[in-house]
Amino acid sequence: MPPSSAVETLALRVQVSAFAGATLPADYAELLREGLGGICLFGTNTEAGAESVRRLTAEIRSAAALGGRVPVITIDEEGGDVTRLEALTGSSVLGAAALGAADDLALTEETGRAVGVRLARAGINLDLAPVADVNSNPDNPVIATRSFSHDAGVVAEHVAAWVRGLESTRVAACVKHFPGHGDTGQDSHVALPVLDADLATLHERELVPFLAAVEAGAASVMTSHIVVPALDPDLPGTLSAPVLGLLRELGFVGPIVTDALDMAGASAERGIPAAAVLSLAAGADLLVLGPDKPASLVRETAAAIVAAVDSGELALERLQDAVARVDRLLADFPGTEQCPDIDDPKLELRSIEGARRALATASDFTDIPDLTGARVVTVDTEANIAVGEVPWGLPPDIVLRPGEPLPELPDAPLIVQVRDAHRRPDVGQTVAELRGAAVLVEWGWPGTYDGRRLPRLCPQGFSRPGVAAVTEVLRRSGWDQ
């Protein structure tokens, strides 16, 4: 058995944590010098802009270099609804659902490459994307437009293309959320969803995109905090040896990355340090703790891992194997490569054309009335935690909250914009009460909407190209803003 100090270093090496703000705290700098595996960037780290992010990632690298190591620097940058680097303006590239609907694999690969270029320039070497979940449940509250499609074959093709594009920039992909979070009706940030599918369905649907990702060379795969009774009736995937073993059976040899362990689906009943030990023992290699965590939690988690090794609950060889897999990823994706340029104007035009195609696949343009003088009404609803507080929709003239009394409204046609109205009865009720409503713009998943009959535009997720495509349609009907 190595000395406890050596085991403690290994216990730090398998952790990725996060802090608030745009500068590296002294206690986190010390953890990086001692061996902390890496840092995950969230909104508070990136809101000051690209140059600030580059300074922060340089600080992180410098601190880790004093310990003789390259750190993992990672972020959720999916494009579309989920963006951290463009959280103030909205994403300049299409998200997964729009790309899947446009069904242009070259555009999807180019989009992944564009994301990779921006991440590489920011000093980030691991992207927690793309989403490989098949959104077969239209009422899914957390995946929805983050998925390329409800069709497993479409998801598989686009996941592979996005991975190829991203990794061409020497930024590693982390395909998520294994074994598939698409056919669930709960959000694992706040609950423990159950995927009630038999093994045959899993192989025919959920696993198809992950196998395509493995074959495309995806550097890492992220777990999901969902229970899959067909594989393990007791433990969520992140903590389950049968679930993670299935990923290895698909031929994946890279590091298995956990979804954030502070999520209720992983740690609500046991706490983060205990969840970390269980996940490592089950076969995970890199533990993401979650946003805005004190340095003390990293040390508590390391102490729990060391204690588990000492007691025999966690085999030392398993911990060493996890570190070795992470080291191999860092050898391939150190984040120091020169990044190629990308023709942004050309991509912007291609993205808008893709947005037009995505809009056409799920929209009803036929009866849009004259929109001269129209005003934009946003029926505002909270985003899920994965999306966070980011802009969405057209700039509104009026903002309403479902269930609140309606204000005096202008005597003009109303362009009403919503998110996921098909699974929010309160939104449907508010729309029904808007006497001047002329057209509904659904920025969420284009589920079946049984509310008030209106022409409906479905850009299949929010992005700036999506705004351009929606604006074109509205202006053809006389909207003059």
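Reply: Two strands pair if DSSP finds at least two bridges between them. Strands (E, at least two residues) and helices (H or I, at least four) are DSSP runs, numbered from the N terminus. On these terms, strands 10-9-11-12-13 form, in that order, an open sheet of 5 strands with parallel pairing. The model is predicted: local features need pLDDT of at least 70, side-chain atom pairs count only at pLDDT 80 or more, and totals for chains, interfaces and linings use all residues. Residues are numbered from 1 along each chain as its sequence is written, and side-chain values use heavy atoms, with hydrogens and water left out.

Me: What makes strand 10 and strand 13 the edge strands?

Reply: Strand 10 (398–400) and strand 13 (456–457) each pair on one side only. Strand 10 pairs with strand 9 in the parallel sense over 3 bridges, and Thr378 stands opposite Val399 of strand 10.

Me: How do you know that strand 11 pairs with strand 9 and with strand 12?

Reply: The pairing rule asks for at least two bridges. Strand 9 (residues 375–379) and strand 11 have 4 bridges in the parallel sense, with Arg375 opposite Leu414. Strand 11 and strand 12 (residues 437–442) have 5 bridges, also in the parallel sense, and the bridge partner of Leu414 in strand 12 is Ala437.

Me: Why is the crossover from strand 11 to strand 12 called right-handed?

Reply: A crossover is right-handed if, with the strands pointing away from the viewer, the path from the first strand over the helix to the second runs clockwise. Here the chain goes from strand 11 through helix 15 (residues 425–432) to strand 12, and this β-α-β crossover is right-handed.

Me: Why is strand 11 said to be largely enclosed by the rest of the structure?

Reply: A residue is buried when its relative accessible area is under 20%, exposed when over 50%, and partly exposed in between (1.4 Å probe, protein chains only). In strand 11 (residues 414–418), 5 of the 5 residues are buried, so the strand is largely enclosed. In a regular strand the side chains alternate between the two faces of the sheet. Leu414, Val416 and Val418 point one way, Ile415 and Gln417 point the other way, and all are buried.

Me: What makes Leu316 buried?

Reply: Leu316 has a relative accessible area of 12% and therefore counts as buried. Leu316 lies in helix 13 (residues 316–332).

Me: Which other open sheet is present, and what is its order?

Reply: An open sheet of 8 strands has the order 7-6-5-4-3-2-1-8, with parallel pairing. Strand 7 (256–257) and strand 8 (287–288) are its edge strands, each pairing on one side only. Strand 1 (residues 15–17) and strand 2 (residues 38–41) pair over 2 bridges in the parallel sense, with Val16 opposite Gly38.

Me: What makes Leu207 a kink in helix 8?

Reply: The bend at a residue is the angle between axes fitted to the seven residues ending there and the seven starting there. At Leu207 in helix 8 (residues 199–215) the kink is about 60 degrees, shortly before the proline Pro209. Just after helix 8, Gly217 takes a positive phi of about 95 degrees.

Me: Against which elements do the buried residues of helix 8 pack?

Reply: Contact means heavy atoms within 4.5 Å. The buried residues of helix 8, including Leu202, Leu207 and Phe210, pack against helix 7 (152–167), strand 5 (172–178), strand 6 (220–223) and helix 9 (241–249).

Me: How do you know that the radius of gyration of the protein chain agrees with that of a compact globule?

Reply: The radius of gyration is taken over C-alpha atoms, and the globule rule is 2.2 Å times the number of residues to the power 0.38. For 481 residues a compact globule would have a value near 23 Å; the protein chain has 23 Å, which agrees.
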